[in-house]
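This briefing is intended for a reader who is meeting the structure below for the first time. Please keep the sequence and the model in view while reading.

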Amino acid sequence: MLAKAAVLYLRAMSQLPRELCWVRSHSLDNTYSYPKNMVGLVLVSHSHALALAVQELVRAMTGPDLPLAIAAGAGDDHSDLGTNAVEIMEAVSAVMSDAGVLVLMDMGSALLSTDTALEFLDEQDRNRVRCCAAPFVEGAIAAGVVAVAGGEIDEVAREAKNSLYQKAQHLGEESESAASSSTAAAIADHSVRVIIREPHGLHARPAARFVRDAASHKADVTVRNLTRERGPASAKSITGLASLEILDGDEMEISATGPDAEKALGSLVALVESFNAGDASASEKGPGGAAELAAAAPGDRAIPVSPGIAIGRIFEPVHVEIRIPDSDATNPFTEQSRLRAAIQTAQAALTQDAAVVPAAEAEIFDAQKLVLEDPALTGTAENFIQLENLNAAAAFYRAVAAVADNYRHLADEYQRQRAADIEDAGLRVLQALGVDAGSRVHIPDPGILLVHDLKPGEVSQIDKNRILGVITRAGGRTSHAAILLRALGVPSIAGADDLLGANLPNGTAVAFDGETGELWIRPDAEMAEKLRDRLAQQRARTVAAEASRHAAAVTRDGKTIAVLANLGDPAEAVHAVAQGAEGVGLFRTEFLFLNRQTPPQEEEQLAALQIVARTMGQRPVTIRTLDAGGDKELPYLGASREDNPFLGVRAIRLCLRRPEIFRPQLRAILRAGVGANFRIMFPMVAEPSELIVAQGELTRVHDELTSQNIPHIWPIPTGIMIEVPSTVTLIDQFLPLADFFSIGTNDLTQYVLAADRGNPALPQFQDAVHPAVLRMIDEITVAAASKGKHVCVCGEAAGDPVAAKLLIGLGVNELSMTSPLIPTIKATIRGVSYLNCQTLAERSLDFGSAGEVRRAAN
Ligand code: PEP
Ligand code: MG
């Protein structure tokens, strides 16, 4: 023990004025009688408050048995920052036993105080103390759990040191040593598999109970998370267990070796079953801690629209009545010219808005400009002025209402959502006419905007510093407002009406995750904290992914997956390369045809495609021929009206009927492909004859170009989009005809599950990981591989990390997605093994719904 003289010396030092004494500290004594022979823990900190908080956290994991003392803070009431060697020595003595004491310190000078304190311990006790360079918070928790489970001092110190592993793994920074310590798996005598059914997974407290139970047996026990391909980790290590990220629905494998192996497994399985029965959640709430959290039950989630987590109070903007002046037109000609001037002003504003959003989204505002030029609107308004003597604002207001109403009665959901675009454009004109149109979104505080639906123009007014996120009661993923929210990076969910109820007061605290659609009303502080952690992790993952976006995407067991970009505009090619695209998996040529009065001529298409060719160099570029129809109507083609445009004369069906449109496009593609690595893909092919006829057209165009001495690429690989179930069932007949296949999961899903891809009421049938769709993909990849042909997926599923794993497991060779998603998907691929993706995909084929697949894969 400490020599008396030394104690006196140190006590005297601690009485000196602060300037002369570099440490003043405090030891919190423990009156509790600790079990003998348990490693003790001492927390040395400059801050008393910090040490108390950490002590509380440790106690929550270990219970009262752990010999634990703190030595922290300076000054009489310990409120100053500092440490005191006397109190450190006293704290060590208070928890000393034959098992030894582990000391954790918060900063460098605490180490000096501790060294000083230890010098005055007698040799025997000094040899029982380990000072550990572990992180203060994580280390204390890890050490406490292992100590209370009966771990020896070296084991306790090792766990404390490795306690950052989970965090480091999340951030992609795990150290070799930490990783290897948790992967040193024993060859197990026995193992069992068990699924955890606990809303928060094997989170801290149940994990601590699991560790304690594992440590109570004479057996080496390891755990693997089969669902997430993590582990093995020692079951006696709280941090190892945490690194496995065992969440609700995950399957764990528990393996044991040693004399008590069977007993250990039985006991641990029983423990997990007790968690599954709600035992762990009960302990989580703690005494009197009835969590106010109202989590949307699984399956009741809103529609995820734009990723990111928002936590804040909701504000519903006050709706300002549109007051249209009711005076008659004194002079119809004056009113007509006022209207024209107002339309021009509104168009100028739209041009300005278009300039500040990404190219692909600017088209929304361009489309609104076209709406304002449309004679169906302006002509109607002018007639109201002439014939009914209305003033400009009243006439235009009525014309807009009539046109929007027509849209609202269309069969197609996507088209119905365009009504909001028309009203939005109309409001700008009314404002230019001096009407208080009340469309400005006013948020009194930084908060979460709650609206019934949002118009694109309102999105452009969103101040990202004041609006933390957007919830729409109605709406879906495909509205133009949703597209803009994603482009702006504003977290958002839609279709939340049922979850919110009708009378949620302004200012209610809510939280949501725009990636999963989860919504919490009045989350408690603990939940809010967890969500902030989740957000920080999401951000850190994005930053890490971006750092390696130019590297190849190779799975842990060496399988390379090509990651390519989907483009709609030639100008996006530069961005795609910058994001790490290895080529273009889908160039949607129809965007060259939208928002105009006549189709683009061959030369115009050639110029656009040459931009892509130049930018992509020798990278592969897949040009999809015109996919018009469905939700991409080209009025100037004069097609007859269809009741079900998605099941109508779309894509290749249209092109084969309109050679005057198809041939110039094929000529442009072949000409632009000179010196480039182009391939051609035909959309929505349903039977082999369509491909044969399309290839015949291509050969004819090639012959024509040859006879005209016009340079062009030849031969050129030709493939098909697989979007129609019939193509899958006839895949063997397509094998000899197509050079490659690209699965359009957006359309394939809507056709397999008979669910309009734009209808917000059917999210569970719009998910491409539905086993019915996965089985189709399986059939395609098996067939294609038998003939050595490549399969790409270019639907939205390719950019979804969960779906991407399944697609890889099913044997898809290439994934193509919107450019901003490329870094994340590449990182996802690097984090998985092909073998495990295969296992996951195989299991998923036997589930009955997309929800079950996601629960197993998440
Ligand atoms: C698809 O259907 O998955 C696809 C990529 O085509 P689009 O979304 O353009 O219809
Ligand atoms: Mg499609």
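The points that follow cover confidence, strand pairing, salt bridges and a surface patch.

This is a predicted model, in which local features need pLDDT of at least 70 and side-chain atom pairs count only at pLDDT 80 or more, while totals for chains, interfaces and linings use all residues. Residues are numbered from 1 along each chain as its sequence is written, chains are lettered from A and ligands numbered from 1 in the order in which they are written, and side-chain values use heavy atoms, with hydrogens and water left out.

**Confidence**
- The protein chain has a mean pLDDT of 82, and 84% of its residues reach 70 or more; pLDDT is the predictor's confidence in each residue, from 0 to 100.
- Residues 1-32 have pLDDT below 50, and this stretch has 75 contacts in the model beyond near neighbours in sequence (contact means heavy atoms within 4.5 Å).
- Residues 174-187 also stay under 50, with 15 contacts beyond four places in sequence.
- Where pLDDT is low, the predicted coordinates should not be read in detail.

**Strands** (DSSP runs of E, at least two residues; helices are runs of H or I, at least four, and both are numbered from the N terminus)
- Strand β24 (residues 740-743) runs parallel to β23 (residues 718-722), joined by four bridges, and parallel to β25 (residues 790-793), again through four bridges; strands pair if DSSP finds at least two bridges between them.
- I743 of β24 stands opposite I722 and has V793 as its bridge partner in β25.
- In β24, F740 and S742 point one way, F741 and I743 the other, and all are buried (under 20% relative accessible area; exposed is over 50%, partly exposed in between, with a 1.4 Å probe and protein chains only).

**Salt bridges** (a side-chain nitrogen of Lys or Arg within 4 Å of a carboxyl oxygen of Asp or Glu)
- The whole structure contains 31 salt bridges.
- R624 pairs with E590, the closest N and O atoms being 2.5 Å apart; R624 lies in strand β21 and E590 in the loop between β20 and α24, so the pair ties together parts 34 residues apart in sequence.
- Both R624 and E590 are buried.
- D627 and R650 meet at 3.3 Å, N to O, and salt bridges that share partners join E590, R624, D627, R650 and D747 into one network.
- Both D627 and R650 are buried.

**Surface patch**
- L50, L57 and V137 make a nonpolar surface patch of about 200 Å².
- V137 belongs to helix α6 (residues 136-148) and counts as partly exposed because its relative accessibility is 31%.

Terms used. Patch = residues over 30% accessible without salt bridge, like charges linked within 9 Å, V, L, I, M, F, W, Y side chains within 5 Å. Areas by Shrake-Rupley, 256 points an atom, 1.4 Å probe, with all protein chains shown as cover.
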